[in-house]
Amino acid sequence: MISSSAIPVDVLIIGAGPIGLTCGIEAQNEGLSYVIIEKGCLVNSLYNYPVNMTFFSTSEKLEIGNIPFVSVNNKPTRAEALEYYRRATIHYNLNVRLFEEVIEVQKTKGDFFVKTAKASYQAKNIIISTGFYDVPVKLNIPGEELPKVKHYYNDPHYYAFQNVVVVGASNSSVDAALETYRKSAQVTMVIKGSEINNRVKYWVRPDIINRINEGSIKVYYNSTLKEITPDQVIINTPEGEVTIPNDFVLAMTGYLPNFSFLKNMGVECSINDEQLPTHNEETMETNIPHVYLAGVVCGGMNTHNYFIENSREHAEKIAKHIHLNIA
């Protein structure tokens, strides 16, 4: 039964990242009542990026709502992006509820009853725009639960003069390795493949390769971590097991969409390794009528296929489809 205190809206948007905010803007443009629910801060995923991060994309590809994103550099920084999306939220006076986690979603007579940590809502439609930054890919090895193991990397100064192992060969791994090295950490990379990932930012990849070639950063290719102890790590290498001193492990192994949340909502995902959520690419509607997907969550395990610049159109498709159905 829907609570009499539930707030009625045409659209409830879960996630206040750039695409969730864009969904709010498009709902507003279509004259739809809406609310954006976010369990963390505004653009929470971007906030949790490393403090010194520079985007791969140029600023115009990060724009939403036809608001120019002016950056002092060709590639904008995390700090500039946080300021930009905050100002976009103010400009459109978006109805955003922050630090309000969704606890329960129930389907009722044509509507959805959504209970959060702070309120209840009665929504005709739901848009899931939760990104992929909440669930880290686990190593599944002994010692991963130790406090020194981090799946999120923030400020390199924290690791000064420490023995740091960085797991992975992607952008986040390379950034962590270079930045901590430049703050006087002793850095060792453990890479499953035979080289640094080709998708690493083109202006950064030569830097990491040069640091490896000169011996400033140690690397074990075709290798994996076997075990983590309080003061060491054991690495499986082609030459056998290697044990080295260790103070911190930065497991930059990637992140996943919250598949449990999707499945609890009733959204079907493919049974293969890609786990693609079922949705109509023309309308973004899932197998559950009036439940839509927007942004990187659409890609299942293929999170690298979706960016802000190619996901903004999801918001317009969804808003138009909802407007037509309500009309």
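**Exercise 1.** Which residue lies over the face of F56, and at what distance from the ring centre?

*Solution.* Keep in mind as you work that this is a predicted model.
Step 1: Look above the ring of F56, where K75 lies over the face.
Step 2: Read off the distance from the ring centre, 5.5 Å.
Step 3: Compare this with the cut-off, which asks for NZ of Lys within 6 Å of the ring centre.
Step 4: Try the exercise again at Y220, whose face has K218 over it at 5.1 Å from the ring centre.

**Exercise 2.** Work out how strand β2 is placed between its partners and where its side chains point.

*Solution.* 
Step 1: Start with β1, residues 7-14, which runs parallel to β2 and is joined to it by four bridges. In this pairing, V11 stands opposite Y34 of β2.
Step 2: Turn to β3, residues 96-97, which pairs with β2 over two bridges, again in the parallel sense. Here I36 has V96 of β3 opposite.

**Exercise 3.** Classify the ring pairs F69–Y84 and Y152–Y255, and say which parts of the chain each one links.

*Solution.* 
Step 1: A search of the whole structure gives 11 aromatic pairs. For F69 and Y84, the ring centres are 4.4 Å apart and the planes meet at 5 degrees, so this pair is stacked.
Step 2: Locate the two residues: F69 is in the loop between α2 and α3, and Y84 is in helix α3, 15 residues apart. Both F69 and Y84 are buried.
Step 3: For Y152 and Y255, the centres lie 5.1 Å apart and the planes are at 25 degrees; planes under 30 degrees apart count as stacked, so this pair is stacked too.
Step 4: Y152 sits in the loop between β8 and β9 and Y255 in strand β16, so the pair ties together parts 103 residues apart in sequence.
Step 5: Compare accessibility: Y152 is partly exposed, at a relative accessible area of 31%, whereas Y255, at 11%, counts as buried.

Key. Residues numbered from 1 in each chain as written. Predicted model: local features only at pLDDT ≥ 70, side-chain atom pairs only at ≥ 80, totals over all residues. Heavy atoms only, no water. Buried < 20%, exposed > 50% of the residue type's maximum accessible area, 1.4 Å probe, protein only. Pairing = 2+ DSSP bridges. Phe/Tyr/Trp six-rings, centres within 6.5 Å; stacked < 30°, edge-to-face > 60°. Lys NZ or Arg CZ within 6 Å of the ring centre and 35° of its normal.
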